Amino acid sequence: MTFTRTEMIAVVERSPHTIEARDRHGWVDLFTPDARIEDPVGSRPHIGRDRIERFYDTFIGPRRLRLHPETDLVVGTTVLRDLRLEVTMAAGLPLDIPAFLRYDLAADGTELRIAALQAFWELPTMIGSFLRSGPRAVPAGLGLSRALLVNQGLSGAAGFLAGLRTLGSHGRKGFGGFLADAATGDEVAVRRRLARGARITLGDDEPMTATALLTRLAGTRASKVICAGGAVVARIERAGRRDIVIAHADPRPLTINRIRYFTEQPQG
């Protein structure tokens with residue numbers, strides 16, 4: 001069974017619509033029975049309907065959440081969304097979170113549903129912004145802690161906090177430098193950052209050489225770089241077009257062992 005780009009975007013769009021409508025059942029029903037949510041990437045995944053319901057009760061239901069998409073890429077049955085998350089915590093505390101979302105879609109009978117959701121955003125940066133908010137952060141922090149313990153338990157709370165382990169500013173700066181070197185065609189500098197045998201693909205599966213990657217990145221600009229878990233994700237811009245690169249790396253020295261380059265072929 002194949003689905004059109006319009007149908008895939010429609011499934012993804014139902015997520016923010018059900019969130020804003022506070023439609024718990026409608027949101028959970030967007031997922032396959034064995035779906036997996038990793039939010040943020042690096043934290044412990046939530047797998048299956050029961051865990052996804054608990055995820056909603058912990059992180060979505062108690063606060064106001066609005067998604068502001070900027071770019072959508074549809075590659076195979078994957079939708080990548082470059083966006084900004086607007087979160088209003090308890091006591092009206094606002095948080096603005098740059099993010100990338102990856103939705104892997106699958107047929108469930110005759111319906112198209114979300115089989116996996118990965119949210120790439122920086123938990124350490126969010127907590128820093130949260131703490132700088134002063135006294136208003138106290139009730140919001142207590143509310144989140146209570147929801148974590150009630151819905152996720154101690155192990156679930158620890159699983160969420162695992163998202164604090166990222167490549168950090170070192171990874172963000174290092175990958176930004178890698179992309180800048182690629183944009184200027186500095187192949188020696190690019191290969192210095194790549195691990196021996198690093199796997200590079202167009203999308204998830206189509207093999208790509210380092211030379212082909214350099215060709216795609218020539219003359220581009222990385223305007224948004226986010227570290228989540230062991231991944232670093234970047235928005236790539238050139239002549240009004242936006243692509244997304246997802247890389248995985250070892251931290252010190254930053255050594256890139258996996259790169260996925262996502263671009264959407266022009267229609268028609």
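Modeller: A nonpolar core is a set of buried Ala, Val, Leu, Ile, Met, Phe, Trp, Tyr and Cys residues joined through side-chain atoms within 4.5 Å; buried means under 20% relative accessible area, exposed over 50% and partly exposed in between, with a 1.4 Å probe and protein chains only. This is a predicted model, in which local features need pLDDT of at least 70, side-chain atom pairs count only at pLDDT 80 or more, and totals for chains, interfaces and linings use all residues. Residues are numbered from 1 along each chain as its sequence is written, and side-chain values use heavy atoms, without hydrogens and water.

Biologist: Which residues touch the most other members of the largest nonpolar core?

Modeller: That core holds 45 residues. A separate core of 26 residues includes F175 and M208. In the largest core, the residues touching the most other members are W27, F31 and Y103.

Biologist: Are the rings of W27 and F55 stacked, edge-to-face or tilted?

Modeller: Rings of Phe, Tyr and Trp (its six-membered ring) pair if their centres lie within 6.5 Å; planes under 30 degrees apart count as stacked, over 60 as edge-to-face and the rest as tilted. The centres of the W27 and F55 rings are 6.1 Å apart and their planes lie at 20°, so the pair is stacked.

Biologist: What is the relative accessible area of W27?

Modeller: W27 belongs to a cluster of ring pairs with F31, F55, Y56, F59 and F160. W27 is buried, and its relative accessible area is 2%.
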